[in-house]
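Morning, everyone. I have one structure to walk through today. Here it is on the screen.

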Amino acid sequence: TDVSILHYPQKPIVRSFVYDTVDFYPAGQNVVVAIIPYEGYNIEDAIVINKASIERGVGRSTYLRPYTSVELQYTGGLADEICIPSKDTGGYKTEKSYRFLEDDGIAYPEAKLEGSDVVIGKTSPPKFLSEMGEMSIARSRKENSVAVRQEEEGIIDSVFVTIDAEGNKIVNARTRDPRWPELGDKIATSHGQKGVIGAVVPEEDIPFTAQGIKPDVIFNPHGIPSRMTVGYLI
């Protein structure tokens with residue numbers, strides 16, 4: 001499945017007996033928090049985040065998504081083929097879509113793919129005679145490639161080729177996409193108090209204490225009475 005991996009996970013500085021007893025995997029980060037309103041950018045449960053904190057690595061993660069394709073065998077000696085589809089294939093995309101595929105029909109590692117770029121090229125035989133009738137003899141194969149989702153992008157992280165119990169060839173390709181907190185992302189405390197980032201503010205515009213401490217995150221005190229979560233404050 002697709003997964004997000006935090007780059008610099010930390011154990012909470014303040015943690016319960018249970019946290020130390022159960023062997024939790026650290027899944028968050030310790031941040032300096034200020035509880036004040038900020039120009040209306042953190043109304044209700046929205047939050048303001050320090051741009052310099054993001055640049056130092058707060059909240060950075062990598063999003064990984066797997067793509068899988070199987071060369072299936074059909075009755076009558078027909079079979080799928082993982083390859084670069086030829087131009088006479090039914091449903092052929094554009095040449096640009098296949099530009100990252102190598103001779104084996106799989107995109108090479110570290111290729112930077114965008115929406116609709118093909119990760120694994122594949123053609124399938126027409127499965128039914130009705131399809132045969134629709135296609136001319138020249139266009140006897142159908143386009144059946146696996147492509148990156150429209151709104152996504154990613155770098156090919158790893159490629160894995162094997163066979164299943166029936167002897168069908170399986171290709172797994174995994175893409176990675178580096179991500180960092182930006183406007184509209186949702187982040188939360190361990191108490192499930194989620195908040196949307198309402199502003200990413202340059203460090204020089206962040207309020208500071210008499211000791212010169214600048215917060216990473218600013219959330220609004222008006223969100224506390226209605227939420228009634230003492231744990232949030234603790």
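**Overall shape**

A compact globule of 234 residues would have a radius of gyration near 17 Å, but this protein chain has 25 Å. That radius is taken over C-alpha atoms, and the globule rule is 2.2 Å times the number of residues to the power 0.38. Along the principal axes, the C-alpha trace spans about 80 × 40 × 30 Å.

Ground rules before we go on. This is a predicted model: local features need pLDDT of at least 70, side-chain atom pairs count only at pLDDT 80 or more, and totals for chains, interfaces and linings use all residues. Residues are numbered from 1 along each chain as its sequence is written, and side-chain values use heavy atoms, with hydrogens and water left out.

Now the totals. The protein chain has five helices and 15 strands. These are DSSP runs, numbered from the N terminus: helices are H or I with at least four residues, strands are E with at least two. Buried residues make up 35% of the 234. Buried means under 20% relative accessible area, exposed means over 50%, and partly exposed is in between, with a 1.4 Å probe and protein chains only.

The accessible surface comes to about 14400 Å², with 56% of it on carbon and sulfur atoms. That is Shrake-Rupley with a 1.4 Å probe; for residues, only the protein chains shown count as cover.

Contacts next, meaning heavy atoms within 4.5 Å. Take those with a separation of 6 or more: 64% of them join residues 24 or more positions apart.

**The sheet**

In what order do the five strands of the open sheet run? The order is E1-E4-E12-E11-E6, and the pairing is antiparallel. The edge strands are E1 (3–6) and E6, each pairing on one side only. Two strands pair if DSSP finds at least two bridges between them. As a reminder, strands of a sheet pair through backbone hydrogen bonds, either parallel or antiparallel.

Inside this sheet, look at E4 (residues 61–70) and E12 (residues 169–179). Ten bridges join these antiparallel strands. Arg65 stands opposite Thr175 in E12.

**Around E14**

Strand E14 covers residues 194–201 and pairs with E3 in the parallel sense, over four bridges. Here Asn50 has Val201 in E14 as its bridge partner. E14 also runs antiparallel to E13 (residues 186–188), joined by three bridges. Ala188 stands opposite Lys194. E13 and E14 form a hairpin with five residues between them. In the turn, Gly192 has a positive phi of about 75°.

**Loops**

Which residues other than glycine have a positive phi? One is Glu44, with phi near 55°. Glu44 is in the loop between E2 (33–35) and E3 (47–50). Glu44 is partly exposed, at 44% relative accessible area. Another is Glu110, with a positive phi of about 70°. Glu110 lies between E5 (81–82) and E6 (112–113). Glu110 is partly exposed too, at 46%.

Back to the loop between E2 and E3: Ile36 is found there as well. Ile36 is partly exposed, with a relative accessible area of 33%. Which residues does Ile36 touch, leaving out those up to four places away in sequence? They are Asn42, Pro207, Ile218, Phe219, Asn220 and Pro221. Ile218 is 182 residues from Ile36 along the chain, yet their C-alpha atoms are separated by 6.5 Å.
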